Amino acid sequence: MIASSTANRSYWALKAPDREPAEPAAGPLSADVAIVGAGLTGLSTAWHLKQLRPDADVVLLEAETVGNGASGRNSGWVMPHLGLDPAALKLVYGAERTRAALEFAYAACDYVEELVGELALDCDYRRHGYTLVAVDEAGREELDATLKLYRDLGLGDKLEPLPAEEVGAHYGSPLLVAGVREPAGALLDPMRLVQGWERRVSDAGVRLHERSPVLRIEQAAGCRTLTTPTATVDAKQVVLATNAYTQTIAGLDRGLRLGQAPLYVYGAMTEPLSDELWAELGWERRDAIKTVLSMPHIFHPMPDGRIHLAYEVHVDWPARAASDFRVEFAREAERQLHALFPPLRDVRIEYHWGGPVSLTLDLVPHIGITPDRSLAYAFGWWGHGVSVTQLTGKLLAEMVTGAGDEVKRPWFARRRSLPWPTAGSARRIVGPLIGGQRLMHRRRLRGSPLA
Ligand SMILES: Cc1cc2nc3c(=O)[nH]c(=O)nc-3n(C[C@H](O)[C@H](O)[C@H](O)COP(=O)(O)OP(=O)(O)OC[C@H]3O[C@@H](n4cnc5c(N)ncnc54)[C@H](O)[C@@H]3O)c2cc1C
């Protein structure tokens, strides 16, 4: 039974300090650079642009309010990952590119810590890593294969295997049979992070307009014109930081319109656990855990004594009401929690929500700029965007201003995007793959309380 529900707002959004939204854009406006989307990509780009060119007139246009997208809805894991999981990445792109992608992601995690400190982004940041855990023999083998892969890539020092006999006891779950720690990971409150960024961006002199959805972008002589319901903005350069929403803007070419497809993912939050329950459970490190199942689920302890869960994805959005999926997800998440942690059998989920991440056909993000340098973009961030989007903001700012060394950019920021063949093809291709994965998941767990 789900204890209570809310509108589709994340727990972090509901608990964040109240703030007055910025005024919508009004009238004909002009700017040197217009950034579309105030998630982590857009906010970081805006701030880095002002560091590189303090005199640039930068406008940031957000359809709703800052953090309305995945940046204010995610689980708050700062993860050293990019795109596909490393084994799949190696299969598709080879060892060299996989290592480069992971190195970028590790650098991104360090950069987040640097930014949080330097900009005093008050977001409950805690770098105590996270642990990949196995609940079956196949999972244990997967963890061994991951350790070997990292060693082969020269990244063996990044992961720490845990003694198998300690894992279940540490987290209070008889089902856990193996674990590998990823110490570089961190946890934070995503909405407070976004709000912290918003303050720094405004301090830097960026003009933020919320409730200002960009409906269309057209090319004109020497500028691009952005149209919102209440304004037009002529900008010499535009940065698209709209991730899973990019296809909703009219006037973009095929590569951008079909460059990615939205994939919906879900989060949930339990009621607070009593001190007695926490004592029974153990979990002294208070780090997050992620099972290595075909459909991963993650659990992490919150500073206020709750447990946050994330599990389940679907590509039907927006064809089927996302709210139906949210309730189904929350029921299943609660069942998984009870099965994995028997002492929590009476703990209820209090909040559940969902949000879109962005899936590219070649399963890596795309970061680029048009040859005339008038339009830069970054999309294709899915479940690992918190770290890498903030470093990408720096890259985008360098691309727009012409700073930085193009040759030194990561390989996925030097290639053309590979669009989906049609608007519906992601659903047709990925939907059955997810269905198949779910089936595998059920088969694999047959006989387990998690099945
Ligand atoms: C439930 C959930 C859990 C996740 N968990 C994690 C996690 O633990 N760790 C991790 O690393 N990643 C996680 N992710 C993914 C991560 O949140 C994203 O990859 C990242 O936030 C993407 O940031 P962004 O700024 O590119 O996009 P977004 O945050 O989606 O920002 C895009 C912004 O553009 C705005 N916009 C859209 N269209 C327009 C328009 N036409 N005009 C103006 N503005 C527009 C939107 O309102 C939005 O604010 C999770 C995502 C979800 C949904």
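This is a predicted model: local features need pLDDT of at least 70, side-chain atom pairs count only at pLDDT 80 or more; totals for chains, interfaces and linings use all residues.

Analyst: A search of the whole structure turns up 2 cavities of 30 Å³ or more. The largest cavity comes to about 40 Å³. Gly83, Gly380 and Trp382 are among the residues lining the largest cavity, together with others including Ser358, Leu359 and Thr360. No charged residue shows up in that lining either: there are 4 nonpolar and 4 polar ones.

Trp382 also takes us to the ligand. Along with Thr41, Glu62, Asn68 and Ser71, Trp382 comes nearest among the 38 residues around the ligand. By class, that shell holds 19 nonpolar, 17 polar and 2 charged residues.

An oxygen atom of the ligand sits 3.0 Å from a backbone N or O atom of leucine 40. Alanine 70 has a polar backbone atom 3.2 Å from a ligand oxygen, while asparagine 74 places a polar side-chain atom 3.2 Å from an oxygen of the ligand. On its own the ligand has 1,000 Å² of accessible area, and the protein covers 97% of that.

Which elements give two or more residues to the shell? They are α2 (40-52), β12 (261-270), β16 (349-359) and α10 (385-401), and α10 gives the most, with 3 residues. Finally, the ligand lies between domain 1 (19-74 + 191-259 + 361-420) and domain 2 (130-183 + 261-359 + 424-451), because both give residues to the shell around it.

Terms used. Residues are numbered from 1 along each chain as its sequence is written. Side-chain values use heavy atoms; hydrogens and water are left out. A residue is near a molecule or strand if one of its heavy atoms lies within 4 Å of it. A polar contact is a pair of N or O atoms within 3.5 Å; within protein, one must be able to donate a hydrogen and the other to accept it, and residues adjacent in sequence count only if both atoms are side-chain atoms. Accessible areas come from the Shrake-Rupley method with a 1.4 Å probe; for residues, only the protein chains shown count as cover. Helices (H or I, at least four residues) and strands (E, at least two) are DSSP runs, numbered from the N terminus. Ala, Val, Leu, Ile, Met, Phe, Trp, Tyr, Cys and Pro count as nonpolar, Asp, Glu, Lys and Arg as charged, and the others, Gly among them, as polar. Domain bounds come from an automatic or database domain assignment. On a 1 Å grid over the protein atoms alone, a cavity is a set of points where a 1.4 Å probe fits but cannot get out, and a pocket is an open set with protein on both sides within 12 Å along at least five of seven lines; lining residues have an atom within 4 Å of a point. Grid points are joined across faces, edges and corners, and a volume is the space filled by probe spheres set on the points.
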